[in-house]
Amino acid sequence: MNSTERLLACLHGEVPDRVPISTYELAGYNPDNFENKDPSYAELMAFIREHADCIYMTGVGVPNTRSDACSWETLEQYDDGDQHVTRRVLHAPGGDLTLTTSRSDDVMTTWTREHLCKNLDDLQVYLDIPWEPGEADFSQLNVAWQRLEGRHGLPMLDMGDPLCEVAAMFSMEDFVVLAMTETDAFVAAMDRLHEKYVEVLRRTLAGPVKNCLFRIYGPEYATPPFLPPELFAKFVTRYDRVYCRMMREAGVFPRIHSHGKIGRVVEEIRKIDPVAIDPVEPPPDGDITIAQLKRQLPELVLCGGLELKHIEAADATFIDALVRDLIAQGKPGGRYIILPTAAPINIPLRQKTAANYRQFIETALEAGRY
């Protein structure tokens with residue numbers, strides 16, 4: 001089987017020739033990713049292209065045609081140690097919201113130091129920003145299909161759910177307190193966002209999406225230790241099950257993304273009815289193993305189990321044993337894709353990390369054969 005055939009077989013619940021191997025954001029066939037541009041990643045990415053099964057993360061753009069109703073203004077920029085800090089203000093019809101972020105030269109991520117919303121009044125200003133959807137832009141998705149050539153893997157679209165958007169507006173401390181004390185206000189906010197998400201998704205699914213994966217991220221905000229599992233139904237299930245149904249009807253494979261302790265919300269995940277879930281973090285970071293989740297939700301394709309912290313810090317012997325154990329848990333009957341919980345974001349790539357990626361892939365190739 002080639003990678004496309006292998007992934008499709010797995011996602012359809014069939015047994016492929018071997019367990020598919022995904023390296024998550026390290027997508028070998030997307031030359032636009034920083035990993036495929038930085039020399040320190042070059043050797044590893046060539047190895048990944050040759051041996052892994054590419055799940056190519058891409059997007060479909062649905063613009064807000066009313067974006068001119070708001071404007072961003074940069075208030076200040078300065079360096080704080082190795083961090084480049086930017087403070088901006090969003091001028092919205094209902095008021096001003098400020099945001100402070102920072103980046104460093106050797107880590108490919110952005111940290112939020114000051115979140116856009118500090119209270120429910122700020123959230124209302126954000127929700128009242130005018131929005132009107134434009135036509136969907138499928139150009140990036142079309143490029144992904146072309147680069148994969150029908151044999152290297154599958155594209156994966158993604159979207160945050162309403163919970164993700166609301167949670168990201170606040171600091172984690174403010175979000176947790178408000179979610180517990182102002183639950184009805186949060187649900188009302190997510191109901192408004194849900195209407196927008198349904199329309200954006202409808203336009204997205206009208207394009208060349210058949211056989212794509214579609215990752216939905218955000219459910220982890222409603223899992224322990226952040227929130228009690230009884231809020232998961234209110235904050236996640238009622239929305240994400242709609243998206244999963246729409247995706248299934250369009251021939252798309254919905255994949256729920258949730259770090260952390262998902263063991264106490266297994267029945268809600270069943271109600272959402274995704275095809276797949278990632279990254280199934282094992283205890284103690286998570287609270288359920290691949291084998292346990294496979295028994296509880298045998299119809300689900302499980303993606304994950306391999307924590308990035310081990311790839312970055314463990315030795316080759318540990319990685320070999322860990323991958324063999326994960327394969328033994330997930331392999332029986334199919335419906336398992338071995339996958340790290342995240343990907344490195346540092347420049348340059350550490351030699352230890354690169355060596356452990358190779359060990360992970362080599363072991364999975366051997367142990368994952370059916």
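1. A salt bridge, in this note, is a side-chain nitrogen of Lys or Arg that lies within 4 Å of a carboxyl oxygen of Asp or Glu. With that meaning, a search of the whole structure, which is a predicted model, returns 23 salt bridges. Side chains of opposite charge can pair when their charged atoms come close.

2. On the overall fold, the protein chain has 13 helices and 11 strands. Its radius of gyration is 21 Å, close to the 21 Å that the globule rule gives for 370 residues, so the chain is as compact as a globular protein of that length. Taken along the principal axes, the box filled by the C-alpha atoms is roughly 60 × 45 × 40 Å, and buried residues account for 53% of the 370 residues in the chain.

3. Among the salt bridges, one joins Asp 80 to Arg 113, with the closest N and O atoms 3.0 Å apart. Asp 80 belongs to strand 2 and Arg 113 to strand 5 (residues 107-114), so this pair ties together parts of the chain that are 33 residues apart in sequence.

4. Which of the classes buried, partly exposed or exposed applies to Arg 215? Arg 215 has a relative accessible area of 9% and is therefore buried, a class that requires a value under 20%. Asp 158, with a relative accessible area of 29%, is partly exposed.

5. The side chains of Arg 255 and Asp 278 meet in a further salt bridge, with a distance of 2.9 Å from N to O. Here too the pair links distant parts of the chain, with Arg 255 in strand 8 (residues 253-257) and Asp 278 in strand 9 (residues 276-278), 23 residues apart. Both Arg 255 and Asp 278 are buried.

6. Salt bridges also occur as a network, in which Arg 6, Asp 17, Arg 18 and Asp 53 are linked. A separate arginine, Arg 49, is found in helix 2 (residues 42-51), and it counts as partly exposed because its relative accessibility is 31%. The C-alpha atom of Arg 49 is separated by 11 Å from that of Pro 31, a residue 18 positions away along the chain.

7. Regarding surface charge, Asp 79, Asp 82, Asp 105 and Asp 106 form a negative surface patch. One of these residues, Asp 82, is placed in the loop between strand 2 (71-80) and strand 3 (83-92). Asp 80, described above as the salt-bridge partner of Arg 113, lies in strand 2.

8. Two peptide bonds deserve a look when the backbone is inspected. The bond from Pro 224 to Pro 225 is cis, with omega near 10°, and Pro 225 is in the loop between strand 7 and helix 8 (232-249). The bond from Ile 347 to Pro 348 is cis as well, with omega near 0°, and Pro 348 is found in the loop between strand 11 (336-340) and helix 13 (351-367).

9. Asn 211 counts as partly exposed because its relative accessibility is 22%, whereas a value under 20% would be needed for the buried class.

Key
Residues numbered from 1 in each chain as written. Predicted model: local features only at pLDDT ≥ 70, side-chain atom pairs only at ≥ 80, totals over all residues. Heavy atoms only, no water. Patch = residues over 30% accessible without salt bridge, like charges linked within 9 Å, V, L, I, M, F, W, Y side chains within 5 Å. Areas by Shrake-Rupley, 256 points an atom, 1.4 Å probe, with all protein chains shown as cover. Lys, Arg positive; Asp, Glu negative; His and termini not counted. Charge placed at Lys NZ, Arg CZ, Asp CG, Glu CD. Helix = DSSP H or I, 4+ residues; strand = E, 2+ residues; numbered from the N terminus. Rg over C-alpha atoms; globule rule 2.2 N^0.38 Å. Buried < 20%, exposed > 50% of the residue type's maximum accessible area, 1.4 Å probe, protein only.
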